[in-house]
Amino acid sequence: LNLNLNDMTSPLWRHVCTSLFPSESQLETLKNERYVQQHPRFNYDGHPEHQFEGIISHLTKECGGNVQDKNVVKITASSTYSNYYPKYAADLTDDQHYYFSNSQPNTWLKYDFQKLKVRPNSYSIRSRHDDGPKGCHLRCWVIEGSNSGNENDWKILDTQSGITDLDNRNATYTFDIDPPLGQNDFYRFLRIRQTGTNTAGSNYLAVSALEFFGSIMC
């Protein structure tokens, strides 16, 4: 490249300097762009018909079936009532089955992403189909994250209390993780833990569908 210094204008010189010696803000922008490209994102776009088209939906399509059955996400619970298995919470298009716990305080439903880590920014819940208002629907809970799954290693990511949006048959609602997580806050384990009685005044935990939105780290 032959560069005649006599042709060097002030704007061109600034462009050369910026390219060779980027500012801290420019370096941060480049870092963020690489970060976004590195970690696929599945964000909720606000349309009700897309409430269950996030991370679990993506993994379901990739593995061709229920993520628990395909050993992509291990879904467990603190207890299971009869044959209302935890895996039903991942059958996002099936509104005729649901997970149901025994009536015990602090019941929880846990997703182990195993080889993946997730940075959630929102999540959607669908209630059971076979009971109307005041019928064992979620009212108080926390979303927690962990990278070990040990009982003393859970961090509360979101807290909800006195919620009535799910108090009906097949009711759905999407909640934001608030406050938003840090850029590097990825978790192998996510769980929903009931922190108070449900809309029926008991400790049964019923979840027809639980979907997470956000970023995935492979």
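Reader: How many cavities of 30 Å³ or more does the count come to?

Author: One. The model is predicted. The largest cavity has a volume of about 30 Å³.

Reader: What makes this a cavity rather than a pocket?

Author: The way out decides. A 1.4 Å probe fits at the points of a cavity but cannot get out, whereas a pocket is an open set.

Reader: Which residues line the largest cavity?

Author: Ile-125, Arg-126, Ser-127 and Arg-128 do, along with Cys-136, His-137, Leu-138, Leu-166 and Ala-206. By class, five are nonpolar, two polar and two charged.

Reader: What is the volume of the largest pocket, and what lines it?

Author: The space in the largest pocket is about 190 Å³. Its lining has 15 residues; Phe-52, Ser-57, Asp-91, Leu-92 and Thr-93 are the closest to the centre. The classes are four nonpolar, six polar and five charged.

Reader: What makes the 38 residues one nonpolar core?

Author: Burial and contact. Members are buried residues of the listed nonpolar types, joined through side-chain atoms within 4.5 Å. The largest such set has 38 residues. Those with the most contacts inside it include Leu-109, Tyr-111, Phe-113 and Trp-141.

Reader: Which elements supply this core?

Author: Helix 3 (55-63) and strands 2, 4, 5, 6, 9 and 11 each give at least two residues. Strand 11 has the largest share, with four residues. In soluble globular proteins, nonpolar side chains tend to be buried together.

Reader: What share of the protein chain is buried?

Author: Buried residues are 43% of the 218. The cut-off is under 20% relative accessible area.

Reader: How do you know that strand 4 and strand 9 pair?

Author: Pairing needs at least two bridges. Strand 4 (residues 108-112) and strand 9 (residues 189-194) have five, in the antiparallel sense. The two therefore count as paired. Lys-110 stands opposite Arg-191 of strand 9.

Reader: Why are strands 2 and 7 at the edges of the sheet?

Author: The open sheet has five strands, in the order 2-4-9-6-7, with antiparallel pairing. Strand 2 (74-77) and strand 7 (155-160) each have a single partner strand, so one side of each lacks a neighbour in the sheet. Neighbouring strands are turned by 15° against each other on average, direction ignored.

Reader: How many helices and strands does the protein chain have?

Author: Three helices and eleven strands.

Technical notes
Residues numbered from 1 in each chain as written. Predicted model: local features only at pLDDT ≥ 70, side-chain atom pairs only at ≥ 80, totals over all residues. Heavy atoms only, no water. Axes fitted to C-alpha atoms, helices over the stretch in contact; angles between N-to-C directions. 1 Å grid on protein atoms, 1.4 Å probe; cavity = no way out; pocket = protein on both sides within 12 Å on 5 of 7 lines; lining within 4 Å. Points joined across faces, edges and corners; volume = space filled by probe spheres on them. Nonpolar A, V, L, I, M, F, W, Y, C, P; charged D, E, K, R; others polar. Buried < 20%, exposed > 50% of the residue type's maximum accessible area, 1.4 Å probe, protein only.
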